[in-house]
There are 2 protein chains.
Amino acid sequence: MSAVDKYPSQVLQDAVDAISSLPGVGSRSALRLALSLLGRPAEEISQFAGAIGRLATDVHYCKRCMMIADGELCPICADSKRDQSLVCVVATIRDVLSIEATGQYFGVYHVLGGIISPIDGIGPSDLKIAELKDRVTAGGVSEVILALSGDVEGETTSFYLYRQLAPLGVKITTLARGLGFGDDLEYADALTLGRSITGRQPFKP
Amino acid sequence: MSAVDKYPSQVLQDAVDAISSLPGVGSRSALRLALSLLGRPAEEISQFAGAIGRLATDVHYCKRCMMIADGELCPICADSKRDQSLVCVVATIRDVLSIEATGQYFGVYHVLGGIISPIDGIGPSDLKIAELKDRVTAGGVSEVILALSGDVEGETTSFYLYRQLAPLGVKITTLARGLGFGDDLEYADALTLGRSITGRQPFKP
């Protein structure tokens, strides 16, 4: 192109650059999205930008479970119908949303904010582990469920948490691992199938 | 879910709703993008929102070709090296970017802002057709290239523009249609192949 560096407007260029910085959004998609926004009335664009901007200014973190919240406590910690003595430890907010979507859990959460990963420079002090210990030490917690991923980092973090929490005398459990519903034995990986066998459950007809 | 309506924070909910209003972005992707933004420092989130918000406030339209611009004229209309007497009429800004990307066009543009589409309630008066006529009437335009889509709406708009512009005595051309480079005759649709035959060109070895 001769006259235009890339786009005919620096404002458009900036918007495309911002949008394409999102994970999984390429520059062509970013342009498509920016032009789609540009086609809206100015007021709607401002509302859109405002909704994004408030992520920087108006999001709080629950002082009890470190989940995002609008106030001091998240809706789950503030809910008297949830079992506040059952604490499910997860890596991220998204894990909370995944477990909530099952509709099978009625306890509360503790969001670590990541998992221990030396390769990424994330150590125990970067996570909300001290807050978890304080929470257990303060009493009222009967069981801690370690709901971390099944990879090396997740297992390492689970083991670290176990070492930290076991002396406090709290019951510590972890998620059941095994074949998924509808999974075929033939296609299951050996590690998963092995865990399904060693962790076999009483048959409930 | 019991305590949370959908997300644990109305601020997150608003951001997800805004992002999922974009074309081709579902609610799961929107959540992923919102959480990714939320993981950034507050300053970066504000910059992101600012870049979007300026689409509402800082984008101008070129007073000559109706393309987006940062000032009064777009970089293409302001470029003395471009042939200002050759005007390519396109439906949208994206069409300008597509033609610019070819590196084969050295004239200027006129952005209609859409095409005539009665089913969508878009008539000639909703497009920048009067501005195009004024531009041709003012003189200095030797050729108008109709570069609209080849569907019914595009053809209708081209025909309407032809009827409006022909009395002004300007040369009116349209994009060549035919087989794409590398296209196989066997797989070409009949309409395209037919146009390739009727619009055959002198062979230049």
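How many residues does the contact take from chain A and from chain B? In this predicted model, the answer is 47 residues from chain A and 47 residues from chain B. On chain A, the side that touches chain B draws at least two residues from each of α1 (10-20), α2 (27-38), α3 (42-57), β2 (68-69) and α4 (93-102). Helix α3(A) gives the largest share of that side, with 11 residues. Sorted by class, the side of chain A that touches chain B holds 31 nonpolar, seven polar and nine charged residues.

The next point is how the chains are arranged. Two copies of a chain are related by a rotation about an axis and a shift along it. Here, chain A is superposed on chain B by a rotation of 179° with 0.0 Å of shift along its axis, at an RMSD of 0.2 Å. This is the relation of a two-fold axis. Both copies use the same surface, since 100% of the contact residues of chain A recur in chain B. Among the residues of chain A, Ala49(A) comes closest to the rotation axis, its C-alpha lying at 2.4 Å.

Chain B also contains an open sheet. Four strands make up this sheet, in the order β4-β3-β5-β6 (chain B), and their pairing is parallel. The edges are taken by β4 (107-111) and β6 (171-174) of chain B; each has a single partner strand, so one side of each is left without a neighbour in the sheet. From one strand to the next, the twist averages 30°.

Technical notes: Residues are numbered from 1 along each chain as its sequence is written. Chains are lettered from A and ligands numbered from 1 in the order in which they are written. This is a predicted model: local features need pLDDT of at least 70, side-chain atom pairs count only at pLDDT 80 or more; totals for chains, interfaces and linings use all residues. Copies are superposed by least squares on the C-alpha atoms of residues with pLDDT of at least 70 in both. Two residues are in contact if their C-beta atoms, placed from the backbone, lie within 7 Å. Two strands pair if DSSP finds at least two bridges between them. Axes are lines fitted to C-alpha atoms, for helices over the stretch in contact, and angles run from 0 to 180 degrees between N-to-C directions. Ala, Val, Leu, Ile, Met, Phe, Trp, Tyr, Cys and Pro count as nonpolar, Asp, Glu, Lys and Arg as charged, and the others, Gly among them, as polar.
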